[in-house]
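The following exercises are to be worked with the sequence and the structure at hand. Each task is followed by a solution in steps.

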Amino acid sequence: MAGRRVLSSGWIKILVFALCLVPALLLVWRSLTGGLGANPIEFITHATGDWTLRFLCITLGVTPLRKLLRLPDLIRFRRVLGLFGFFYGCLHFLTWLVLDKFFDWNEIVKDVVKRPFITVGFTGFILLIPLAVTSTAGWIRRLGGKRWQILHRLIYVSACAGVLHYYWLVKSDVRKPLMYAAIVAILLAFRMFASLMKSRRTAVRANS
Amino acid sequence: MLIQRGPEIRFSEITPKDVYLSRRGFLALPLAGAALTAGNAFGETKLEGITKSPFSTTDKVTPYNDVSHYNNYYEFGTGKDQPAVLAQKLKTSPWSLKVEGAVNKPQVFDMDALMKMAPLEERIYRHRCVEAWSIVVPWIGFPLNVLLKKVEPTEKARFVAFQTLLDRSVMLSESAAGIPLPYVEGLRMDEAMHPLAILCVGMYGEALPKQDGAPVRLVVPWKYGFKSIKSIVKIKFVEKQPPTTWNISNPREYGFYSNVNPEVDHPRWSQSSERRLGEFLRRKTLMFNGYGDQVAGLYAGMDLRKNY
């Protein structure tokens, strides 16, 4: 099948990588051409935050898509997608730290401790760090597949934290955060359903 | 008191008028398409005979394009760039402002009457949004107390309630805007009578653009921006503290007074500093937005933590 051959080819990985960079390049382009609007720092903060959530959702979508479309090769893109989620998360975090707060540590610590929406966003970001670090084949070997998999379920927590962070931030129009909430809920429900079916099957097999 | 003014720089001197006008047209055209009614979307009427005011700040004026393209006007979208496009559908002429309630002379004013009510002054004010950004705007208008005195408030008039137009045919629904409509605001009588509070009909030498609250809005510079209600159709004098939109929507976060106060944080973010549009570093937020000398007396003896 042509589709499967495309998925397993080498250049498609490069193409996916390049596509993932597009939002960042667009931001650079906008900042060079004065396209960031009246409040550029806010624009960058929102754009990088949005893309972090999008990449977390896309990453969480890989497993369901593999199963639903019967395209196991999609797994080849999961790491790069997840790492780009982390990449945009870093940009988002650094925008806040450097551009917004300009290393005002006093304010930064106060924000993290006192503002629930920052506390939860910060937590979601921190949880992504071990996942990014252990994303290599070496770490999968060192941890063992089972343990590695359990560790990487932290992305569920991180995605939920990201959605809550967004929901708590907006003033009145909660439609966009709710849309992300629905997407994450569906992606997580799929996993619960799949694991339920699996344990049922094992139970049936064990009984027979 | 001698109030020093910096050199006079009009936005129109910084950017040639035809250039910025065509820029707005360029921006608005592909976005708004047919929704735009040509003529009033491309530059506003120039206002004549404007006098200077000693109340003006010497802070650097924010570029016109930022003030007209970074708006909170939820009836026309919750994104900052949406009102500049969607508010062009607002019909601002003819306009009537009804003044009623506890007054001896309830009246309805059209824009003509409002424009002639008092000499128009330019007031360059700091404008601090509750979202921790700020701008400096050369508003044009006259003291609100001129209009208030004209209708002769009675003994019972203790508060003034304001209401924005509600035109469902051009505005978002309440659920899309996320706030109850029509938008309502209120001031205590002494606040409304304060000379700093103005009824505003223009900015940067011209009539107000629609997204900035045309044709007539309130500007109360020592309070968070949402108190400065836009596109006013009704002013009512009342005995009890009137409901206000953001307070109804989220009473824990937005109080009736909503004076700019760096010491009382919004539950979700700090109010101690703000980002002035066009500046990289945050600046410290000033008590009463820097108008404490004039207005602090209004709140003597009040606990501003409770009355946020």
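**Exercise 1.** How many bridges join strand E2 (residues 96-101) of chain B to E3(B), and do the two strands run parallel or antiparallel?

*Solution.* The model under study is a predicted one.

Step 1. Between E2(B) and E3(B) there are four bridges, and the two strands run antiparallel.

Step 2. Within this pair, B:Lys98 is found opposite B:Val108 of E3(B).

**Exercise 2.** Determine in what order the strands of the open sheet in chain B are arranged, and which of them stand at the edges.

*Solution.* Step 1. The sheet is open and has five strands in the order E3-E2-E11-E6-E7, with mixed pairing.

Step 1. Strand E3 (107-110) and strand E7 (184-188) of chain B each have a single partner strand, so one side of each lacks a neighbour in the sheet; these two strands are at the edges.

Step 2. From one strand to the next, the twist averages 15°.

**Exercise 3.** Characterise how helix H3 (residues 40-69) and helix H10 (residues 175-207) of chain A are placed relative to each other.

*Solution.* Step 1. Two packed helices are described by the angle between their axes and the distance between the axes.

Step 1. The axes of H3(A) and H10(A) come within 10 Å and cross at roughly 30°.

Step 2. Angles under 35 degrees count as roughly parallel; H3(A) and H10(A) are therefore roughly parallel to each other.

Step 3. The crossing of H3(A) and H10(A) is left-handed. Residues that make the contact include A:Leu53, A:Cys57 and A:Leu60 of H3(A), and A:Ile183, A:Leu187 and A:Phe190 of H10(A).

Step 4. Sorted by class, this contact of H3(A) with H10(A) has ten nonpolar, one polar and one charged residues.

**Exercise 4.** How many residues of chain A and of chain B are in contact with each other?

*Solution.* Step 1. The contact is between 14 residues of chain A and 16 residues of chain B.

Step 1. On the side of chain A that touches chain B, helix H5 (residues 105-114) of chain A gives the most, with three residues.

Step 2. That side of chain A has six nonpolar, three polar and five charged residues.

Definitions and conventions. Residues are numbered from 1 along each chain as its sequence is written. Chains are lettered from A and ligands numbered from 1 in the order in which they are written. This is a predicted model: local features need pLDDT of at least 70, side-chain atom pairs count only at pLDDT 80 or more; totals for chains, interfaces and linings use all residues. Two residues are in contact if their C-beta atoms, placed from the backbone, lie within 7 Å. Ala, Val, Leu, Ile, Met, Phe, Trp, Tyr, Cys and Pro count as nonpolar, Asp, Glu, Lys and Arg as charged, and the others, Gly among them, as polar. Axes are lines fitted to C-alpha atoms, for helices over the stretch in contact, and angles run from 0 to 180 degrees between N-to-C directions. Angles under 35 degrees count as roughly parallel, over 145 as roughly antiparallel, 65 to 115 as roughly perpendicular and the rest as oblique. A crossing is left-handed if the near helix is turned anticlockwise from the far one by less than a right angle, and right-handed if clockwise. Two strands pair if DSSP finds at least two bridges between them.
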